[in-house]
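Subject: Handover of a structure and its description

Dear colleague,

Please find below the structure that I am handing over to you.

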Amino acid sequence: MAEPKMTRTTLDVLSVLVTQDQELYGLKIAQATGVLTGTIYPILARLEKAGWVTSEWESGEEPDSRGPRRRFYRLTPNGLQRAQSALQRAASRQTAASGRPGHASPSIGFGA
């Protein structure tokens, strides 16, 4: 399966999934990332299609007073390894980009 597109938001979703020991539903992931659910759910669908994530509906037939059943997401064992690798690559790129020669330091001003 093809690797999902690694946008900053996809990396944020993976970061949340990697650091949680429990299944999470879309709204909780959205709250943890600060991203709207309309962006989160397509990312989760792509990750699931790629085999990185599995999902299942909350048990119980009837919605309760808080609303409809939730769909819980968790990384597969392969997805966990690939997510950790993707997050490490992104962190390495970030470090390399911030330490490149020729970039002015934000503390250096112009003029005197």
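**Serine 55 and its surroundings**

Setting aside residues up to four places away in sequence, serine 55 touches Glu48, Arg71, Phe72 and Tyr73, where contact means heavy atoms within 4.5 Å. Please note that this is a predicted model, in which local features need pLDDT of at least 70 and side-chain atom pairs count only at pLDDT 80 or more, while totals for chains, interfaces and linings use all residues. Residues are numbered from 1 along each chain as its sequence is written, and side-chain values use heavy atoms, with hydrogens and water left out.

Serine 55 lies in strand β2, which covers residues 53–57. Helices (H or I, at least four residues) and strands (E, at least two) are DSSP runs, numbered from the N terminus. Is serine 55 buried or exposed? Serine 55 counts as buried because its relative accessibility is 17%; buried means under 20% relative accessible area, exposed over 50%, and partly exposed in between, with a 1.4 Å probe and protein chains only.

Two of the touching residues also make polar contacts with serine 55 through their side chains: the side chain of glutamate 48 at 2.7 Å, and that of arginine 71 at 2.8 Å. A polar contact is a pair of N or O atoms within 3.5 Å; within protein, one must be able to donate a hydrogen and the other to accept it, and residues adjacent in sequence count only if both atoms are side-chain atoms.

**The chain as a whole**

The protein chain has four helices and three strands, and along the sequence they follow the pattern α-β-α-α-β-β-α. Of its 112 residues, 29% are buried. Among contacts with a separation of 6 or more, 55% join residues 24 or more positions apart. The chain exposes about 7700 Å², of which carbon and sulfur atoms supply 52%; accessible areas come from the Shrake-Rupley method with a 1.4 Å probe, and for residues only the protein chains shown count as cover.

**Three further residues**

Glutamate 3 sits in the segment before α1. Glutamate 3 is partly exposed because its relative accessible area is 39%. Beyond its neighbours within four places in sequence, glutamate 3 is in contact with Trp52, Arg82 and Arg89. With arginine 89 there is a polar contact between the two side chains, at 3.3 Å. Arginine 82 is 79 residues away from glutamate 3 in sequence, yet the C-alpha atoms of the two are 9.0 Å apart in space.

Threonine 10 belongs to helix α1. Its relative accessibility is 1%, so threonine 10 counts as buried. The side chain of threonine 10 reaches the backbone oxygen of lysine 5 at 3.4 Å. Lys5, Ile43, Arg46 and Leu47 are in contact with threonine 10 when neighbours within four places in sequence are left aside.

Glycine 51 is placed in the loop between α3 (37–49) and β2. Glycine 51 counts as partly exposed because its relative accessibility is 25%. Between glycine 51 and leucine 75 there are 8.7 Å in space, C-alpha to C-alpha, and the two are 24 residues apart in sequence.

**The lining of the largest pocket**

Which elements each supply at least two residues of the lining of the largest pocket? They are α1 (8–19) and β3 (71–75), and the largest share, three residues, comes from β3. By class, the lining has five nonpolar, three polar and three charged residues. Here Ala, Val, Leu, Ile, Met, Phe, Trp, Tyr, Cys and Pro count as nonpolar, Asp, Glu, Lys and Arg as charged, and the others, Gly among them, as polar.

Yours sincerely
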